[in-house]
Amino acid sequence: MVKKAILIGINYPGTEGELLGCINDVTRTHKSLVELFGFLEENITELIDTEKSKIQPTGKNIRQAFSDLVESAKSGDFLFVHYSGHGTRLPPETGEDDDTEFDECIVPSDHNYITDDDIREIVDKVPKGCSFTFVSDSCHTGGLIDSAKEQIGESFKKKPKKVFKCPFGLFSSKRVVVKEETSTKAEQRDGTENRTNTRNRFLPLETSINMLKQATGKDDIEVGNIRATLFDVFGDDASPKVKKFIKVILSNLQESIGEGLMLGNIGKLATDFLTEKLNDEDFLKPEIQTQVGSKKEVYAGACNGELGNNGILLSGCQTDQFSADVGSKVKAYGAFTNSIHTILAETKGKISYKDLVLKSRKLLDKQGYPQRPGLYCSDCYVNASFIC
């Protein structure tokens, strides 16, 4: 039996979405794993963006760390992942009438997004008899491990999911405007700015696009070509779901061109882009190697199967809420992470998943934070001991 962990902290220094507490979350979580749960130092991998000597939390490195963790696991092992950073939501871009939801994503330091479906595919590979605990202290993470059963939470029990219509398809010459949250500053219930210097761990779409422009050096990014830009910049290292998306879209475009059909609503910039890329073998190589069973697999918010029984998600808030990043630089922390470690210290780590989340909700409410953590897992883990 081996205990292994990946700890990811991303502060995005020097950007308009800069956070302050994510690295501190990693440090505190590392300490708890060693002192309360018996993890060995050599079995804990940290990915943080404030020290060049550390593994950088890029999309490629995070996915590789996930893969290494799962591929080396055996029945009886305990796997643990903690993520502190931004969450964001990508709107649909296929132009299909029934593609109306959002992809929930975590945001790596290079903005090579990792979608909920990407994480679920990794969890699906966890060996039988091996548990996988994922603590996500970021916004819009109530359903990050797609298809996990909601044990504590309101993300899937209340009003229907918000939908988004992108009527112009992938490469529209018209600008699509999406009304969404426009501030990363958190607010208290009474609507006044939190006096403790609090930020949201969520990137509004406009901020997300601006930071993607800064990270990639591309100024022509807008709703309709976000995924195409990610594929163009990161290629084979892009999200598996992004690669599937490109395969479906390019296939449709190639068929349309071959049949001499008009590609309505495609602007000149997109036409030039496609003309160049359709003959670019290096560009197309990752797309050619990608397998897609159905075009619905690439729909935003799509779920490509059922989650295995060994995936456990503790989310910092519901899908329509914000996780708070609190305090000044030296003492900053994630409100959810802080609540977890406060409770673990009181219980010396002896607590069930259910009780931990319920106590965290109660503590955050007492502290004035409106976020409501959630628990998503199969029934067998609800009353099981946290981590191991």
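Two strands count as paired here if DSSP finds at least two bridges between them. Keep that in mind as you look through these close-ups of a predicted model.

**View 1. Strands E7 and E10 run side by side.** Strand E7 (residues 131-137) and strand E10 (residues 311-315) are parallel, and five bridges join them. To find your place, look for Val135, which stands opposite Leu314 in E10.

**View 2. Seven strands make up an open sheet.** Their order is E2-E1-E3-E7-E10-E13-E8, with mixed pairing.

**View 3. Strand E2 sits beside E1.** Five bridges pair strand E1 (residues 3-9) with E2 in the parallel sense. Gly9 is a handy landmark, as this residue stands opposite Ile48 in E2. Between the two strands the chain passes through helix H1 (residues 22-37), and this β-α-β crossover from E1 to E2 is right-handed.

View 4. Now turn to helix H2 (residues 59-71), which lies across E1, E2, E3 and E7. H2 runs at about 170° to E1.

**View 5. Helices H4 and H5 pack together.** Here helix H4 (residues 205-216) packs with helix H5 (residues 226-234) at an angle of about 25°, and their axes are 12 Å apart. Angles under 35 degrees count as roughly parallel, and H4 and H5 are therefore roughly parallel to each other. Their crossing is left-handed. Which residues meet where the helices touch? From H4 come Leu205, Ile209, Leu212 and Thr216, and they meet Ile226, Leu230 and Val233 in H5.

**View 6. A closer look at H5 and the residue that follows.** H5 is mostly covered, with seven of its nine residues buried. Those buried residues are Ile226, Arg227, Ala228, Thr229, Leu230, Phe231 and Phe234. Just after H5 comes Gly235, which takes a positive phi of about 55°.

How values were computed. Residues numbered from 1 in each chain as written. Predicted model: local features only at pLDDT ≥ 70, side-chain atom pairs only at ≥ 80, totals over all residues. Heavy atoms only, no water. Helix = DSSP H or I, 4+ residues; strand = E, 2+ residues; numbered from the N terminus. Right-handed = clockwise from strand over helix to strand, strands pointing away. Axes fitted to C-alpha atoms, helices over the stretch in contact; angles between N-to-C directions. Parallel < 35°, antiparallel > 145°, perpendicular 65-115°, else oblique. Left-handed = near helix turned anticlockwise from the far one by under 90°. Contact = heavy atoms within 4.5 Å. Buried < 20%, exposed > 50% of the residue type's maximum accessible area, 1.4 Å probe, protein only.
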